[in-house]
Amino acid sequence: MRAVTVTPGVPGSLRLLDDYPEPATEEGAILVEAVAVGVCGTDIEIIDGQYGEAPPDADRLVLGHESLGRVLEDPTGTLQTGDLVAGIVRHPDPLPCPNCAVDEWDMCRNGLFTEHGIKGLPGFARERWRLQPRFAVGLDPELGEVGVLLEPTSVVVKAWDHIDRIGRRAEWQPRTALITGAGPIGLLAALLASQRGLSVHVLDLASDGPKPALAGALGATYHSGPVEELDFEPDVIVECTGAPVVVLEAMCKVAPTGIVCLAGVSSGGRIIDFDAGALNRTLVLENNVVFGSVNANRRHWEAAAEALARADRDWLGALITRRVPLSEYASAYSPGPQDIKVVIDFSA
Ligand SMILES: [Zn+2]
């Protein structure tokens, strides 16, 4: 069968194989045919050779951690033939650490976890794959192809879950949320903020293209200037750019007792002249919290499936700005300036 693969660590090794083996039954009892795979920055970093790890017995890594498939057979009876399903990306470390031991693998402490399409497990950019029931998440059949947004949605559900948990340290009645970055993660974070009834603000460099309208359709106010020039202090900031200046401005801008969730990964290596003492003074005197958030556990995936089912289908569909047939897979990994989410369509 066909599979999109790389040799990890070797730039330019992206290949579509047509003789990749069928998934082994050891991968799981649920056999799935691929419908679509979403592409994100992590895939592009893996293709650039910066990241990625093949399974222990393989030279090549199948890409794809944002999955959508249709069940071909499930002898366990967990799902029915024809059901839409996505595969949970991370598997717990084998030790396991205290968090993986209670299936909170998103909080793994020793880094020995594995991840489909990223670290030690084949990804979902292949025509068929298998899942164990505990890593299979069924989707509302009405969702159709926008179900491919489940993985990025699970990441922002986890971010909001932890914002809520941190908020409960005090009397917590947030009113305003600022999302920095209007890519797929930022817009999905804004969707969840709107589902919570918050007054939502979205900030991004782009002043044209689809982002302002997508934010507006959620009822959010769109800003394209610097964070420090905003005329209000957000109770919650979900930082999705990873841009160092935006990260620092967000930490300085949040309201007293506010929470800043850092969900964007910086590349590092950029030095900024910054008054760290003034920031520390503000964080202490205002009881502010800054924390990082990545990945998601099963609870978050299930809540993400519910959040997508509640969302406007057309709005979700507009996040997918390009659908690329498998035969043209390489173009999916070169996003254009107007792209939000690009998917490889396995049904085309
Ligand atoms: Zn662990």
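What covers the buried residues of α5? Among the elements that do so are β12, β15, β16, α6 (276-285) and β17, with buried meaning under 20% relative accessible area, exposed over 50% and partly exposed in between (1.4 Å probe, protein chains only). Before going further, keep in mind that this is a predicted model, where local features need pLDDT of at least 70, side-chain atom pairs count only at pLDDT 80 or more, and totals for chains, interfaces and linings use all residues. Residues are numbered from 1 along each chain as its sequence is written, and side-chain values use heavy atoms, with hydrogens and water left out.

Six strands make up an open sheet in the order β14-β13-β12-β15-β16-β17, and their pairing is parallel. Helices (H or I, at least four residues) and strands (E, at least two) are DSSP runs, numbered from the N terminus, and two strands pair if DSSP finds at least two bridges between them. At the edges stand β14 (221-223) and β17 (289-292); each has a single partner strand, so one side of each is left without a neighbour in the sheet. On average, neighbouring strands here are turned by 15 degrees against each other, direction ignored. Zoom in on β12 (residues 176-180) and β13 (residues 199-203), and you'll find five bridges joining these parallel strands. In that pairing, Leu178 stands opposite His201 in β13.

Now back to the helix. α5 (residues 244-253) packs on the sheet and touches β12, β15 (236-239), β16 (259-262) and β17, where contact means heavy atoms within 4.5 Å. Its direction makes about 170 degrees with that of β15; axes are lines fitted to C-alpha atoms, for helices over the stretch in contact, and angles run from 0 to 180 degrees between N-to-C directions. Seven of the ten residues of α5 are buried, leaving the helix mostly covered. Val246, Val247, Leu248, Ala250 and Met251 are among the buried ones, and so are Glu249 and Lys253.

Next stop, the metal. Asp93 (OD), Cys97 (SG), Cys100 (SG) and Cys108 (SG) coordinate the zinc ion at 1.9 to 2.4 Å. Donors are N, O and S atoms within 2.8 Å of the metal (3.2 Å for Na, K and Ca), and water is not among the atoms, so sites may look incomplete. Along the chain, the donors follow the spacing D-x3-C-x2-C-x7-C. Asp93 counts as buried at 3% relative accessibility, and Cys97 does at 4%.

Finally, the charged pairs. The structure holds 16 salt bridges, each a side-chain nitrogen of Lys or Arg within 4 Å of a carboxyl oxygen of Asp or Glu. One of them joins Glu66 to Lys341, with the closest N and O atoms 2.9 Å apart. This pair links distant parts of the chain, from Glu66 in β5 (residues 66-73) to Lys341 in β19 (residues 341-345), 275 residues apart. Both Glu66 and Lys341 are buried.

Arg134 and Asp103 also meet in a salt bridge (2.8 Å, N to O). Arg134 lies in the loop between β10 (128-131) and β11 (136-139), while Asp103 lies in the loop between β7 (90-91) and β8 (114-116). Arg134 is partly exposed at 37%, and Asp103 is partly exposed at 35%. Elsewhere, a network of salt bridges links Glu104, Asp161, Arg165 and Arg299.
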